[in-house]
Amino acid sequence: MMGKKIFVTQPTLPNLDGFIESLKEIWENKWLTNDGKFHKEFENKLAKFLGVKYISLFSNGTLALISALQVLRITGEVITTPYSFVATTHALWWNGIKPVFADIELNYCNIDAERIETAITPKTTAILPVHVYGNPCNVDRIQDIADRYGLKVIYDAAHAFGVEKNDNSILNYGDLSILSFHATKIFNTIEGGAIICHDKKTKKRIDFLKNFGFADEVTVVAPGINAKMNELQAAYGLLQLNTYQKELWKRMEIVNLYRNLLHNTKGITFFNDIPNVKHNYAYFPILVDKNKYRYERDELYAILKKHNIYARRYFYPLISDFSVYRGLPSANHENLISARIIAKQVICLPLYSNLSFEDVEQISKIIKTV
Ligand SMILES: *Cc1c(COP(=O)(O)O)cnc(C)c1O
């Protein structure tokens, strides 16, 4: 039994004195939102930091995703994964688009490219995959399918901040990628998000759309929305960039400790690093095989809770099992067998830079010895 409650994550906050300095400046400027000084600086620095050409800041990841679909004028049907946070599919719904679920691969829990191809119909206009846990999707194969069928690709990269493949940001793949800077994510601006694009013209359209469609004082070019990030969040985000690398190293150490402690536990498996991928160690999911481990996943989940350890079942239930989506033809059981297997086995263990090695040892010991 842990003396204190341990949650699956804990946000890292920027240096308070530094933030107060920024606040003083904002108080002097009296410029709170609409592309202010901090917003401009954060956009520029973040693009360089991530190794992408263009980025547009948003008030949250969900609005970034909803807007991304508008940017590319996506309609009809979009092929997506049931194994994600519910906002991925909600963004389609808010655009009047029909979600078509394709099953995932068992290796890294990302959408299965082969299953994308069989889900394509004349109404399909785009693919919306998710880099689940920050593990890159099969981006080359997905692009190949998109090119052959004339489809757009929008990546929900909410988990993939800082992830690189062959020294290239994973955000450079597809037509657009979206990020989330929610408090629970590896890089947070309290709430926040972004769209990454690869050309100036698209960046312009994104920036119009997130500000009601205004191109200038008297011109509205599209029925836009209000999804702007404010100056306080941008100033907070700028400071977060200073400590990100340290944060990443600490998370890597914790993940490696978990791996060392759990690697011989019968019925417990986890993901290892992928060659040529720079990971961000945003989550530490384990899979519980009830045929080999003493307990089912939900039993282990309850045991951890009894010990004051609040792990989370990301992702369970599947999006396709929520009442709003379960009536869709693609939500049927036979279509999503692999996703169901993983959703029944997964638990994400506590992981944040402030988590002590002793806590990791305790958590691992409970899993090994219950
Ligand atoms: C967090 C998350 C979102 C939503 O981002 P918000 O910033 O919370 O709106 C979307 N997709 C995935 C996969 C997420 O994890």
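1. Let's start with the handedness of the H3 and H4 crossing: this predicted model has the two helices crossing in a right-handed sense (a crossing is right-handed if the near helix is turned clockwise from the far one by less than a right angle, and left-handed if anticlockwise). Helix H3 covers residues 61–71 and helix H4 residues 87–94, and they pack at an angle of about 45° with axes 9 Å apart. Helices here are DSSP runs of H or I with at least four residues, numbered from the N terminus; axes are lines fitted to C-alpha atoms over the stretch in contact, and angles run from 0 to 180 degrees between N-to-C directions. H3 and H4 therefore count as oblique (under 35 degrees is roughly parallel, over 145 roughly antiparallel, 65 to 115 roughly perpendicular, and the rest oblique).

2. On the H3 side of that contact (heavy atoms within 4.5 Å) you will find Thr62, Leu65, Ile66 and Leu69, and on the H4 side Ala87, Thr88, Ala91, Leu92 and Trp94.

3. Before going on, a word on conventions: residues are numbered from 1 along each chain as its sequence is written, and side-chain values use heavy atoms, without hydrogens and water. As the model is predicted, local features need pLDDT of at least 70 and side-chain atom pairs count only at pLDDT 80 or more, while totals for chains, interfaces and linings use all residues.

4. Now for H8 and helix H11 (residues 357–369), which pack at about 30° with their axes 10 Å apart. H8 is therefore roughly parallel to H11, and this crossing is right-handed. Among the H8 residues that meet H11 are Lys250, Glu253 and Leu257, while the H11 partners include Phe357, Glu361 and Ile367.

5. The largest nonpolar core has 106 residues, and Tyr83, Leu179, Ile286, Leu349 and Ile367 touch the most other members. Such a core is a set of buried Ala, Val, Leu, Ile, Met, Phe, Trp, Tyr and Cys residues joined through side-chain atoms within 4.5 Å, where buried means under 20% relative accessible area with a 1.4 Å probe, protein chains only. Helix H8 (residues 231–262) gives the largest share, 13 residues.

6. Do look at Ile286: leaving aside residues up to four places away in sequence, its contacts include Leu262, Phe270, Leu300, Leu349 and Ile367.

7. Finally, the domains: the chain divides into domain 1 (6–10 + 244–369) and domain 2 (16–241), with bounds from an automatic or database domain assignment. Their C-alpha centres lie 25 Å apart, and 40 residues of domain 1 are in contact with 42 residues of domain 2.

Conventions: Buried means under 20% relative accessible area, exposed over 50%, partly exposed in between (1.4 Å probe, protein chains only).
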